[in-house]
Amino acid sequence: MEKLMRFFWWCCGVHQATLAKYPAEHNKYVGIGATIFFTGLFAALSGGYALYFVFSGGEFAALFALLFGLLWGLAIFNMDRYIVLSINKHASGFKQLMQATPRILLAVLIGIVIARPLELKVFDKEIREQLRVTYLDRQRAAIDTLNKAFESKYAIELEKTAELKTERDSLEATIKTDRIKLKMETFGEKTVETSGIVGYGPYAKQRQAELEKQEQYLDTLRNRIQLQEAFIQQRKQFEGLLDERLLTGVQLDSAVNLAGFADRNAALGDLKYHPDGTVNEANYWSITFIMLLFIFFECLPVFVKLMSVRDAYDIALRDQQTADIYRSGKNRDAEIAIVDSLYDTHVTQTAEKRKAQLWGNETL
């Protein structure tokens with residue numbers, strides 16, 4: 001426990017030799033140090049998880065995620081340590097707040113950055129389902145766009161095919177009606193359009209001839225439609241429309257597994273809203289509160305430092321700093337005095353030598 005306590009002291013950047021003299025303050029700085037440590041730990045997990053999806057599918061994805069997560073965690077840990085260490089408890093409350101304001105803003109930003117990848121992990125199942133819907137919608141939209149472009153490019157051919165089919169359908173209906181009339185003519189049923197004479201007479205033969213001509217023309221129409229449809233099918237193959245297919249279950253699972261950080265982040269944002277655009281209250285507040293929790297957790301060391309009163313450790317540390325400054329000043333004065341003394345000695349010795357030389361020259 002002694003080693004763990006000193007480790008957390010080191011995490012919050014205190015002068016351990018000074019703090020050890022004041023047992024009443026030990027637990028407070030253990031708490032601050034533990035908060036800084038776990039913030040760095042969460043940052044490492046968050047950064048590593050985010051980078052794992054950046055390099056997903058790569059051979060060294062896990063290794064890159066581990067290295068980056070470690071570096072990111074250490075960077076956040078060092079930044080938090082400096083933020084708490086740099087707050088001057090001997091300044092006024094307003095001045096302390098002004099000193100801490102940019103650090104709090106930075107802590108909020110760090111909290112948001114840390115929270116996002118962890119939110120992706122918390123809502124992983126929901127994100128996967130949302131990605132399925134998103135990918136299918138994108139593919140449907142892509143297919144619709146290709147179809148619209150194809151219809152615009154080959155509008156004349158498609159219109160001609162539609163006209164031929166309309167004419168074919170109309171002719172088929174006419175032939176069906178004429179066959180009924182031919183049957184009525186043959187059996188002698190009297191109507192406005194039939195003679196009422198039983199047997200295969202001249203009227204029946206006339207209707208039979210007309211019916212055969214219509215059937216021959218129908219065959220011609222069908223052949224033309226078949227050729228036209230074959231041409232359109234060939235154009236679709238050339239334009240790539242036939243290669244577009246909606247993803248199957250296995251393909252969709254594979255696409256979801258390979259989804260990058262940006263797609264997952266967008267899917268998490270989509271979870272806040274229903275398909276009709278209204279807010280999904282449950283998901284919206286769940287995601288928001290998780291983010292606020294990490295922001296508060298990141299700001300907690302700064303808040304604890306601001307809210308704490310000036311304790312014995314702060315006073316002793318200030319006294320030690322004052323003594324160090326005074327000692328540094330005295331050392332500076334001593335160095336200056338030594339330099340002055342040496343220079344004076346050097347000047348005196350040089351003057352004596354010059355005098356000796358002048359007297360020797362006068363004697364000669």
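Residues are numbered from 1 along each chain as its sequence is written, and side-chain values use heavy atoms, with hydrogens and water left out. In this predicted model, local features need pLDDT of at least 70 and side-chain atom pairs count only at pLDDT 80 or more, whereas totals for chains, interfaces and linings use all residues.

View A. Two packed helices are described by the angle between their axes and the distance between the axes. Helices (H or I, at least four residues) and strands (E, at least two) are DSSP runs, numbered from the N terminus. Axes are lines fitted to C-alpha atoms, for helices over the stretch in contact, and angles run from 0 to 180 degrees between N-to-C directions. The axes of H4 (residues 61–85) and H11 (residues 281–307) come within 9 Å, crossing at roughly 15 degrees. H4 and H11 are therefore roughly parallel; angles under 35 degrees count as roughly parallel, over 145 as roughly antiparallel, 65 to 115 as roughly perpendicular and the rest as oblique. The crossing of H4 and H11 is right-handed, the term for a near helix turned clockwise from the far one by less than a right angle, with anticlockwise giving left-handed. On the H4 side, the contact (heavy atoms within 4.5 Å) is made by Ile 76, Asp 80, Ile 83 and Val 84, and on the H11 side by Glu 298, Pro 301, Val 302 and Lys 305. These residues comprise five nonpolar, no polar and three charged. Ala, Val, Leu, Ile, Met, Phe, Trp, Tyr, Cys and Pro count as nonpolar, Asp, Glu, Lys and Arg as charged, and the others, Gly among them, as polar.

**View B. Helix H1 against helix H4.** The axes of H1 (residues 2–12) and H4 come within 7 Å and cross at roughly 80 degrees, and H1 and H4 are therefore roughly perpendicular to each other. Trp 10, Cys 11 and Cys 12 of H1 meet Phe 77, Arg 81 and Leu 85 of H4. The contact of H1 with H4 has five nonpolar residues, no polar residues and one charged residue.

**View C. Helix H5 against helix H6.** A crossing angle of roughly 80 degrees is found for H5 (residues 93–122) and H6 (residues 124–153), whose axes come within 5 Å. That makes H5 roughly perpendicular to H6. From H5, Leu 120, Lys 121 and Val 122 meet Asp 124, Glu 126 and Ile 127 of H6. By class, this contact has three nonpolar, no polar and three charged residues.

View D. Arg 264 lies in helix H10 (residues 261–270). With a relative accessibility of 1%, Arg 264 counts as buried; buried means under 20% relative accessible area, exposed over 50% and partly exposed in between (1.4 Å probe, protein chains only). The side chains of Arg 264 and Asp 124 make a polar contact at 3.2 Å. A polar contact is a pair of N or O atoms within 3.5 Å; within protein, one must be able to donate a hydrogen and the other to accept it, and residues adjacent in sequence count only if both atoms are side-chain atoms. Not counting residues up to four places away in sequence, Arg 264 touches Phe 53, Leu 120, Asp 124, Ile 127, Arg 128, Leu 131, Val 256 and Ala 259.

View E. Thr 288 lies in H11 and is buried, with a relative accessible area of 15%. The Thr 288 side chain reaches the backbone oxygen of Tyr 284 at 2.7 Å. Phe 296 is also found in H11, but counts as partly exposed at 46% relative accessibility. Between Phe 296 and Ala 107, the C-alpha to C-alpha distance is 8.7 Å across a sequence separation of 189 residues.

**View F. Ala 312 in helix H12.** Ala 312 lies in H12 (residues 312–363) and counts as partly exposed at 31% relative accessibility. Leaving aside neighbours within four places in sequence, Ala 312 is in contact with Tyr 22 and Glu 25. Ala 312 and Ile 287 are 25 residues apart in sequence, with 42 Å between their C-alpha atoms.
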